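Please read them beside the sequence and the coordinates.

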Amino acid sequence: MTGYRQRGGGAGDALLGSYGKQHMTVTDLRVSSLGGVFGAEVTNLNLADGFEDVLIDRLTSLVYEHKVLCLRDQPLMPQQLAAFGKAVGHPIEHVEENLRLGEDSTIMSLSNVDGRDARQRNGGAFWHTDLIFTEEPASLTMLNAVVVPLDGGPTRFADQAAAYDALDERRQRLLEDRMVHHCYEGRRDDSMPVVKHPLVRKHPVTDRKALYGVAGTCLDIIGLSSHDSAKLLKELELHATSPQFVYTHYYRPNDLIIWDNAATLHCGPTLEEAAGDAAEEARVMHRCSVRGWRKPAEYST
Ligand SMILES: O=C(O)CCC(=O)C(=O)O
Ligand SMILES: [Fe+2]
């Protein structure tokens, strides 16, 4: 794998539970902007050394506040990522078995170096929010960058609370109590169940309103004619993903990025298969997506 920007050994080689090192404390964290319209970076943290509840509370608070959080320099083993996912929520088993990583069915790999087809390489290369086509969509999703291509293999994120706030009040009122049908891949052929979710969603922890899942898997807005529904969904998608709401994250090896699926849409890059001469295009991410909303102390009143 020469030419890949690949992680080295280091802290990630220590397994969770080998508590020889000192745990990081909340006061050690350094938080700064990622330099875009939203999102924050966290440094001076090493999850591989272990983590306590108070640290998990602080990190989830930061995710809710900033919607996208990048923890730098986290070369986690899959089982460490799974343990972190378990601390944050209830990790979700991936349905496609060949994407699961080793023994742990809650960690999957996104990769363009292992011969998988374009559908699996590019499964996230469209604007969406994770698992909204199920009754209980994902709350948070995290990606740990293992191999990063030269162009940074970016993921784009769109701030859906800001997109909602930017609508005029009349439009906000019009959208407020609407429900939307969703289906896996936006299928309309009855091959997968159809579920309903609100078009404007109040965040389960922060209570902040946001547009919810207006791109990706929506079939129609309930109560509108199919013409009006298609027109409005198209307009909302354009609005919700317009540049003033978008932060594009170019990865560094060992980034651990965490996003809030209730407050954002995201879109992965379109990936060519990377082999031989195309080594600079290689991209491997370890992924964990969770359900459930951890409520840090500051939100439990
Ligand atoms: O590969 C990416 O950048 C994002 C993929 C994605 O949509 C996901 O992991 O949920
Ligand atoms: Fe996704």
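**Notes on the predicted model**

1. Glu 169 is exposed, having 7 other C-beta atoms within 10 Å; by the criterion used here, a residue is buried if 20 or more other C-beta atoms lie within 10 Å of its own, exposed if 12 or fewer, and partly exposed in between, with C-beta atoms placed from the backbone. Glu 169 belongs to helix H5, residues 169-176, where helices (H or I, at least four residues) and strands (E, at least two) are DSSP runs numbered from the N terminus.

2. Residues are numbered from 1 along each chain as its sequence is written, and chains are lettered from A and ligands numbered from 1 in the order in which they are written.

3. As for confidence, pLDDT is the predictor's own estimate for each residue, from 0 to 100; the chain has a mean of 90, and 90% of its residues reach 70 or more. Over residues 9-20, however, the pLDDT is below 50, although this stretch has 17 contacts in the model beyond near neighbours in sequence, a contact being two residues whose C-beta atoms, placed from the backbone, lie within 7 Å. Where pLDDT is low, the predicted coordinates should not be read in detail.

4. The chain contains six helices and 18 strands. Its radius of gyration is 19 Å, close to the 19 Å that the globule rule gives for 301 residues, so the chain is as compact as a globular protein of that length; the radius is taken over C-alpha atoms, and the rule is 2.2 Å times the number of residues to the power 0.38. Along the principal axes, the C-alpha atoms fill a box of roughly 60 × 50 × 35 Å. Of the contacts with a separation of 6 or more, 79% join residues 24 or more positions apart, and buried residues make up 44% of the 301 in the chain.

5. Which residues have the most contacts inside the largest nonpolar core? They are Leu 140, Leu 211, Ala 240, Ile 257 and Ile 258, in a core of 73 residues, where a nonpolar core is a set of buried Ala, Val, Leu, Ile, Met, Phe, Trp, Tyr and Cys residues joined through C-beta atoms within 7 Å. The largest share of this core, seven residues, comes from E8. Residues touched by Leu 140, not counting those up to four places away in sequence, include Val 63, Val 88, Ile 258, Trp 259 and Val 290.

6. The shell around ligand 1 consists of Leu 110, Gly 124, Asp 130, Thr 141, Leu 143, Thr 155, His 266, Gly 268, Met 285 and Arg 287. Strands E8 (140-148) and E18 (284-291) each supply at least two residues of this shell. By class, the shell divides into three nonpolar, five polar and two charged residues; here Ala, Val, Leu, Ile, Met, Phe, Trp, Tyr, Cys and Pro count as nonpolar, Asp, Glu, Lys and Arg as charged, and the others, Gly among them, as polar.

7. Helix H2 (residues 78-88) has nine of its 11 residues buried, so it is largely enclosed by the rest of the structure. Among the elements that cover the buried residues of H2 are helix H1 (53-66), E7, E8 and E18. Thr 106, found in strand E7 (residues 104-111), counts as buried with 20 C-beta neighbours inside 10 Å, and its contacts, leaving aside neighbours within four places in sequence, include Ala 82, Gly 85 and Cys 288.

8. Glu 185, in the loop between strands E10 (179-183) and E11 (194-198), has a positive phi of about 60° although it is not a glycine, and counts as partly exposed with 14 C-beta neighbours inside 10 Å. Asn 254, in the loop between strands E15 (246-249) and E16 (256-260), has a positive phi near 75°, again in a residue other than glycine, but counts as buried with 22 C-beta neighbours inside 10 Å.

Notes:
This is a predicted model: local features need pLDDT of at least 70, side-chain atom pairs count only at pLDDT 80 or more; totals for chains, interfaces and linings use all residues. A residue is near a molecule or strand if its C-beta atom, placed from the backbone, lies within 6 Å of it.
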